[in-house]
Amino acid sequence: YAVLMPAADRNLDTIFRSERPDISAICSMVKTTAQAIEHLHEKKMIHGDLKLLNVVRVKEKLCLIDLDASAVIGEGCYAGAKFSSGVLPPEMIYKLKDDKNVLQRGGRRASISGSGGGKEMEQFQAYFAKAKASAKVDDKELWTKIKPSMKSMGRKQPPAHYVVKTFLTTPEDEPINPKALPYALVPSSPAIDIWSLGTVLFALVTGSPLFPVNRDDDLNNADAMDAVLNWDEKRDLPSLLTTIENPLVNDLLMKLLAKDPANRPSSMKVALEHPFFENRAATHSQLEEIKEK
């Protein structure tokens, strides 16, 4: 048997670069994408990897593709088995604790580890070394993608190591021994896709990704991972939107890209109710209300 699927002419990244959509077209494309994600959420699934490359146009209609990072919304279901770290929210990034560097009295360090990481680094490495044999895919590029990213903290500080809260799965997509990991897994929830929608909108209105990424949309380095982990939308976002004069865009991005999942729209349906997605211009009172925030 074979599945015959229609061919897409362009993905959202190519549409943006080649067709230079205006703010009205961007609004329409992001709205259509959000509606598709909303449909997934209604079916108790998250996409898990929403990015420009995973939205394609088929006969003038935008469609979602690449659902291999999707996850069921429900008890015991987690996000992060597969990912593009450049569109993941802060709760999906973890800094490994370095417990090899103990403090003496007065706050001086008793030892400085050359590589850092300590017990949690050992846990992380041991988990993927031992569990890979029972994982459903023997991916030679797995470690390259998930290995801890090191950030130098200066001569007198051990380096910091950052990872995505990922895990291995059985052929039935069950997590393999998650208690062996140094971090708690993140339950799959609409909040993850809502953040990712914010990164899509940000890229379309600014022409740049929210954080430095490689060609696979993974974060470039430890500095980028640190920036995600320590993200503060009220502190960081305004300086990135200085060229965006549309207050509705700025307000929506502030909500979608909230560090705390509880501060993001509670559902994609709620996000779609934002004035940016209305077919008419915002009223004067709406603009004034937004400016006062």
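Visitor: By class, how many nonpolar, polar and charged residues does the lining of the second largest pocket have?
Guide: This is a predicted model, and its second largest pocket has a volume of about 350 Å³. The pocket is lined by 20 residues. By class, these divide into 10 nonpolar, five polar and five charged residues.

Visitor: Which residues lie nearest the centre of the second largest pocket?
Guide: Helix 1 (12-19) and helix 5 each supply at least two residues of this lining. Nearest the centre of the second largest pocket are L52, A203, P209, V213 and D217.

Visitor: Is D217 buried or exposed?
Guide: D217 is placed in the loop between helix 5 and helix 6 (222-229). Its relative accessibility is 18%, and a residue under 20% is classed as buried. D217 therefore counts as buried.

Visitor: What is the phi of D217?
Guide: Most residues other than glycine have a negative phi. D217 is a residue other than glycine, yet its phi is positive. The value for D217 is near 65 degrees.

Visitor: Is K44, which also has a positive phi, buried or exposed?
Guide: K44 is not a glycine, and its phi is about 65 degrees. This residue is found in the loop between helix 2 (23-42) and strand 2 (45-46). The relative accessibility of K44 is 52%, and the cut-off is over 50%, so the class of K44 is exposed.

Visitor: With which residues is S84 in contact, leaving aside its neighbours within four places in sequence?
Guide: S84 lies in the loop between strand 6 and strand 7 (93-95). S84 is buried, with a relative accessible area of 3%. Once neighbours within four places in sequence are left aside, the residues in contact with S84 are D49, K51, K145, D216, D217 and D218.

Visitor: Which residues are the closest to the centre of the largest pocket?
Guide: About 1200 Å³ of space lies in the largest pocket. Its lining is formed by 50 residues. Of these, the closest to the centre are G80, A81, K82, F83 and K145.

Visitor: Which element gives the most to the lining of the largest pocket?
Guide: The elements that give two or more residues to this lining are strand 5 (71-72), strand 6 (78-79), helix 4 (142-146) and strand 9 (160-164). By class, the lining has 23 nonpolar, 12 polar and 15 charged residues. With four residues, the element that gives the most is helix 4.

Visitor: Which residues line the largest cavity?
Guide: A search of the whole structure finds one cavity of 30 Å³ or more. About 40 Å³ of space lies in this largest cavity. Its lining divides into six nonpolar residues, two polar and one charged. The lining residues are I46, G48, A69, A79, G80, K82, F83, L88 and I192.

Visitor: Which residues have the most contacts inside the largest nonpolar core?
Guide: In soluble globular proteins, nonpolar side chains tend to be buried together. The largest nonpolar core here has 74 residues, and its largest share, 10 residues, comes from helix 5 (residues 190-206). The residues with the most contacts inside this core are L12, L201 and L253.

Visitor: How far apart in space are L181 and A126, C-alpha to C-alpha?
Guide: L181 lies in the loop between strand 9 and strand 10 (186-187), and at 5% relative accessibility it counts as buried. Leaving aside its neighbours within four places in sequence, L181 is in contact with Q123, Y127, F128, T166 and F167. L181 and A126 are 55 residues apart in sequence, while their C-alpha separation in space is 9.0 Å.

How values were computed:
Residues numbered from 1 in each chain as written. Predicted model: local features only at pLDDT ≥ 70, side-chain atom pairs only at ≥ 80, totals over all residues. Heavy atoms only, no water. Core = buried A, V, L, I, M, F, W, Y, C linked by side-chain atoms within 4.5 Å. Buried < 20%, exposed > 50% of the residue type's maximum accessible area, 1.4 Å probe, protein only. 1 Å grid on protein atoms, 1.4 Å probe; cavity = no way out; pocket = protein on both sides within 12 Å on 5 of 7 lines; lining within 4 Å. Points joined across faces, edges and corners; volume = space filled by probe spheres on them. Nonpolar A, V, L, I, M, F, W, Y, C, P; charged D, E, K, R; others polar. Contact = heavy atoms within 4.5 Å.
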